Amino acid sequence: MAYQLVICNGPEKGRTVDLPPGKTLVVGRGEDCDVQLADPRASRVHCKLQVDDDSVVLIDAGSTWGTRLNGSSVKEQKLKSGDVIELGETQIRLSSGTETLPPGTTKPPKSERRDNPLTKLVGTTLVRYTIGSLIDSGRTGAVFRAVDTKHDRPVALKVLWPELTQDTREVERFVRAIKTMLPLQHENIVRLYGAGVSDGYCWMAMELVEGESLADVIKRLGVGGMLAWEPVFRAAVDVTQALEVAAEQKIVHRNITPSNVLIRSKDKVAKLADLMLAKAMEGPMVESITRSGEMVGELPYMSPEQTTGTQDIDGRSDIYNLGATCYRVLTGHLPAEGRNAADTIRKIQNELPPKPTKYQLSIPPLFEGVVMKMLAKNRDDRFANATVLLKELKRVGKFQGLADV
């Protein structure tokens, strides 16, 4: 049987590695590893994979922060296809060559075969959605380009990993919570069209934003990982307007990152994604998604209060997340970069980052001041809410002569 590793989240997302049978492969960030990862939070020698013709065994190699399998720490465990290994900030899914496609479908191109088993849905119809190419995949599931045959419109269809949807009652609760977002419409929020459970899959149909995420924009256009201040400023205004609406609905997003800010190609309007998931962030199903005791969000963008595990999180945490996102795209650096997860948390909680103009001199002082205030360690020192932040951003825009802000 042919096995393959697919990196589904982390610095090398999308990379695949074939596993030759009869070998033990060393995985880590060290130069001598058989599978070397560009993940500074992985140990130099993190874990090993014993590969045979019909099995793969995962063995932790004494890593600093441990090796997790499907959310649980492990020392040694036989793997099955679909299992997710977590080390550092990297998530790796084991894929086998035995997965079959539904009748009448064809195997997607290699670039789309990132995360089995959900790619078998390509070419099929789920409810009224004809599923096309894979757009992206991550911790909670995969997103496909699809067509709503009832309304004859393109949609982004998100399907959760099957292993997250075993509890029928909790899935129903999760879907009900997501459906409360259906009436919510705003120019800067990715709209939800529908959600449900069909054929064993939990799905959400959303507005298809023809464009790219801010993370993609950084890779494509960024010079040294940086963007000019004006498009970052405009995206900040748009996302803050989305946060104003979220606050009215008593929703805290908790995970605003460059990947969750989508820039529409035709007019460069920024839209905040995954707000419907934030609405449903309660209960056992979400515990299985986020793993018991794990913080919700991407560590480098977390607010200090998020890193403490407290449940007392409010909109000022989202303001910090947005500030961290702005800082990243303005400077090419994260506001807190540690040697490992513990060191990053320490810096998030205690160390102020250098001012953005250290990396990009053209950033207006007023905008720099706003970003630094968003990143205040004490949430009482940040902007009190999105409305106050938006007012200040518009003042900056007016001062800089941006009449349309």
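Some conventions come before the details. Because the model is predicted, local features need pLDDT of at least 70 and side-chain atom pairs count only at pLDDT 80 or more, whereas totals for chains, interfaces and linings use all residues. Residues are numbered from 1 along each chain as its sequence is written, and side-chain values use heavy atoms, with hydrogens and water left out.

I begin with the salt bridges. The structure holds 18 of them, a salt bridge being a side-chain nitrogen of Lys or Arg within 4 Å of a carboxyl oxygen of Asp or Glu.

Arg 379 pairs with Asp 312, with 2.6 Å between the closest N and O atoms. Arg 379 sits in the loop between helix 8 (365-374) and helix 9 (386-399), and Asp 312 in the loop between helix 5 (283-290) and helix 6 (315-331), 67 residues apart. Helices (H or I, at least four residues) and strands (E, at least two) are DSSP runs, numbered from the N terminus.

Arg 379 also forms a salt bridge with Asp 314, at 3.9 Å from N to O. Asp 314 lies in the loop between helix 5 and helix 6, so this pair ties together parts that are 65 residues apart in sequence.

Which residue meets Arg 316 in a salt bridge? The partner is Asp 380, at 2.7 Å from N to O. Arg 316 lies in helix 6 and Asp 380 in the loop between helix 8 and helix 9, so parts 64 residues apart in sequence are tied together.

As for accessibility, buried means under 20% relative accessible area, exposed over 50%, and partly exposed in between (1.4 Å probe, protein chains only). Arg 379 is buried at 17%, and Arg 316 is buried at 16%. Asp 312 is partly exposed at 46%, as is Asp 314 at 21%, while Asp 380 is exposed at 57%.

Strand 18 is joined to strand 19 (residues 261-264) by three bridges, and Glu 212 stands opposite Ile 263 in strand 19.

How values were computed:
Pairing = 2+ DSSP bridges.
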